[in-house]
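The sequence and structure come first.

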Amino acid sequence: MLRKVKLYGELADFVGHKELDAVINSTADAIKFLITNFEGLEAHMANRYYKVLVDDYEIGKEDI
């Protein structure tokens, strides 16, 4: 399903986009989409913490 992925702050600056449309079915798919399509992103994200929201619900590590 085509969904909107919104990025903020340093992550949006690194990727160069604040909103992306992608065919994803889960939060894990969204992360895979970003890492696959933006070179160096995995290393950039490695030592940082992020808040992941789906609608207004905060997703924890165990949910990814």
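## What covers helix H2

In this predicted model, the cover over the buried residues of helix H2 includes strand S2 (19-23), helix H3 (41-45), strand S3 (52-54) and strand S4 (57-59).

The buried residues of H2, which spans residues 27-37, are Thr 27, Ala 30 and Leu 34. Seen down the axis of H2, these buried residues fall within an arc of 60°, so they line one face of the helix. An α-helix has 3.6 residues a turn, so residues three or four places apart point the same way. Lys 32 and Thr 36 are exposed on the other side of H2.

## Thr 27

Thr 27 is found in helix H2. Its relative accessible area is 17%, and Thr 27 counts as buried because the cut-off is under 20%.

Leaving out residues up to four places away in sequence, Thr 27 touches Val 52, Val 54, Ile 59 and Ile 64.

## The nonpolar core

The largest nonpolar core contains 13 residues. Those with the most contacts inside this core are Leu 7, Leu 11, Val 15, Leu 20, Leu 34, Phe 38 and Leu 41. Two or more residues of the core come from each of helix H1 (9-15), S2, H2 and H3; H1 gives the most, with 3 residues. In soluble globular proteins, nonpolar side chains tend to be buried together.

Leu 34 is also one of the buried residues of H2. Leu 11 touches Leu 41, His 44, Met 45 and Tyr 50, again not counting residues up to four places away in sequence.

Technical notes. Residues numbered from 1 in each chain as written. Predicted model: local features only at pLDDT ≥ 70, side-chain atom pairs only at ≥ 80, totals over all residues. Heavy atoms only, no water. Buried < 20%, exposed > 50% of the residue type's maximum accessible area, 1.4 Å probe, protein only. Helix = DSSP H or I, 4+ residues; strand = E, 2+ residues; numbered from the N terminus. Arc of directions from axis to C-beta. Contact = heavy atoms within 4.5 Å. Core = buried A, V, L, I, M, F, W, Y, C linked by side-chain atoms within 4.5 Å.
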